[in-house]
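Here is a friendly walk through the structure you are about to see. Take a look at it first, then read on.

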Amino acid sequence: MIFRKQKKKNRETDRSKLLTEFPSNSRYAEAYRTLRTNLFFSDMDKEIKSVLVTSSLEKEGKTTTAINLAHTVAQTDRQVLLVDCDLRRPYLTSLVTGQAGSETGVTELVTEVFGVHLTKGTLDTYSIADLMLLIRLQKRSAQLDLKNDTTRASLIFDKGTLRDIEWTNRPQSRHLIHALIQEKLLTEKQAHLALSHQKKSTHHLSNILHTMGLVSKKDLVRVLSVHTIEAIRAVCTMETGEYEFSPLPRDQQVSAIQPDMDLETLFQEFHTAGTELKYCRTAIDQAILPTDVDNLFVLPSGKTPPNPAEVMGSGRMAFLLENLKSRFDFIILDTPPVMPATDALLIAPRTDGVVLVVKAGNTDRKIIHDVIEQFNTVNQPVLGILLNQVDMKKEGYYRYYQKYYTSYYGSK
């Protein structure tokens with residue numbers, strides 16, 4: 001009971017440090033506006049749109065700094081998202097909203113939503129884009145069969161990568177044999193001979209045609225490229241239907257004659273309703289919380305996982321962050337301190353820079369130097385260091401700052 005009372009008291013103390021408790025013309029608010037300006041101009045070669053806020057040790061004020069920085073950025077009419085990436089001791093969400101947070105947060109999105117193991121279902125809930133994304137994030141090897149009233153197709157995935165696609169109910173007139181005959185690359189007699197050989201073996205028809213010397217590899221690749229594009233177009237038009245996963249056949253033969261094409265990129269180019277993320281986008285939307293500040297939103301941390309570092313360093317977390325970047329103007333990540341945990345170092349390369357919060361008179365310079373070197377090691381240099389909780393009177397800065405401030409804003 002005493003611990004709960006102390007925790008509540010600490011939260012109330014920290015909430016009193018938020019910009020929502022200060023007038024906009026206060027020195028406190030002006031300090032954060034200065035931080036915002038310095039941050040935006042910290043790198044003239046690129047626009048800063050996402051930053052990670054952390055500290056070397058605990059209780060240096062990184063979370064209140066992250067919240068106040070987000071507040072000032074939101075005042076510039078940017079849509080700002082605060083992401084609570086402290087999966088060990090989450091605090092940001094309760095500090096901003098006064099609540100413990102929603103049931104779904106970063107942990108649930110990364111481990112449960114993006115980790116759901118599907119077997120079969122309908123495209124009403126999971127779009128084709130969702131299915132392909134989940135396979136890629138889970139690095140799954142499987143065959144995905146799709147069907148509706150007009151189209152049937154099979155997609156082959158190897159460790160999350162799309163390797164092959166077959167339009168199984170392709171119109172007879174558009175089959176490989178007919179395309180080759182139509183282009184006068186194959187005669188009717190040769191086609192009959194090749195099909196007879198195929199019935200007696202498990203090899204792909206393209207391999208048989210090439211091995212028998214009936215069609216050159218160059219011509220086969222060209223025609224198969226057209227077939228692949230046609231198959232992708234057919235699949236991308238599937239807004240409704242059913243899907244089913246099955247293990248890859250053990251005796252599956254891989255064609256030696258394959259177009260050098262990035263199938264997933266082609267899927268993105270043929271952007272239709274069927275390629276929109278449906279399940280994943282809905283889950284992310286439901287996890288994001290509004291705040292009392294205009295343009296400012298929060299994504300909670302969620303439940304504490306047994307492996308926070310693995311969650312932060314995963315490909316699923318990388319996808320989540322990239323998706324959020326495409327939907328918000330500015331993103332601020334609040335992470336655990338660097339010395340007790342490596343979480344910040346794992347996610348830092350996914351952002352545009354790091355703001356290191358240091359409590360004045362609290363942290364040894366060697367520790368700060370070591371933390372900066374660790375960020376340099378992961379190729380994400382610190383954009384700047386914020387010296388926090390400075391005793392202005394003690395350090396002799398008060399009179400100078402007071403004179404500067406009142407001369408510009410007035411004695412009030």
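## Cysteines

There are zero disulfides in this structure, taking a disulfide as a pair of cysteine sulfur atoms within 2.5 Å. In general, a disulfide is a covalent bond between the sulfur atoms of two cysteines. Two cysteines worth a glance are C85 and C280. C85 has 0% relative accessibility, so C85 counts as buried; buried means under 20% relative accessible area, exposed over 50%, and partly exposed in between, with a 1.4 Å probe and protein chains only. C280 is buried as well, because its relative accessible area is 1%.

## What you are looking at

This is a predicted model, so local features need pLDDT of at least 70 and side-chain atom pairs count only at pLDDT 80 or more, while totals for chains, interfaces and linings use all residues. Residues are numbered from 1 along each chain as its sequence is written, and side-chain values use heavy atoms, with hydrogens and water left out.

The protein chain comes to 18 helices and 12 strands. Both are DSSP runs numbered from the N terminus: helices are H or I with at least four residues, strands are E with at least two. Of the chain's 412 residues, 45% count as buried. Now take the contacts between residues at least 6 apart in sequence: 75% of them join residues at least 24 apart. Contact here means heavy atoms within 4.5 Å.

## The sheet

Which strand order does the open sheet have? Its seven strands go β8-β9-β2-β10-β1-β11-β12, and the pairing is mixed. At the edges sit β8 and β12 (382-388), each pairing on one side only. Two strands pair if DSSP finds at least two bridges between them.

Start at the β8 end. β8 and β9 pair in the antiparallel sense over two bridges: L289 stands opposite V298, and P290 has F297 as its bridge partner. Together β8 and β9 make a hairpin with five residues between them, and N295 in the turn has a positive phi of about 70°. Next, β2 and β9 run parallel over four bridges, with V80 opposite L296.

## The strand in the middle of things

Is β10 (residues 330-334) enclosed or open? Five of its five residues are buried, so β10 is largely enclosed by the rest of the structure. Both faces are covered: F330, I332 and D334 are buried on one side, I331 and L333 on the other.

The largest nonpolar core has 69 residues, and L146, L155, L299, L320 and L324 have the most contacts inside it. A nonpolar core is a set of buried Ala, Val, Leu, Ile, Met, Phe, Trp, Tyr and Cys residues joined through side-chain atoms within 4.5 Å. Helix α6 (residues 128-138) gives the most to this core, with seven residues. Apart from it lies another core of 28 residues, among them L19, V53, V293 and I332.

What does L299 touch, leaving aside its neighbours within four places in sequence? Its contacts include L81, L82, V83, V106, L109, L320 and L324.

## One side of a helix

Helix α12 (residues 279-287) has Y279, C280, A283, I284 and A287 as its buried residues. They sit on the same side of α12, because they cover an arc of only 125° around the axis; the arc is that of the directions from the helix axis to the C-beta atoms. These buried residues pack against α5 (106-113), α6, β8 (289-290), β9 (296-299) and α14 (315-325).

D86 lies in the loop between β2 (80-84) and α4 (92-97). With 7% relative accessibility, D86 counts as buried. Not counting residues up to four places away in sequence, D86 touches K62, S301, D334, T335 and P336. A polar atom of the D86 side chain also lies 3.0 Å from the backbone nitrogen of R89.

E230 is found in helix α10 (residues 217-236) and is buried, with a relative accessible area of 17%. Leaving out residues up to four places away in sequence, E230 touches W167, R170 and R174. E230 and R174 are 56 residues apart in sequence and 9.5 Å apart in space, C-alpha to C-alpha.

Definitions and conventions:
Polar contact = N/O pair within 3.5 Å; in protein donor to acceptor, adjacent residues only side chain to side chain.
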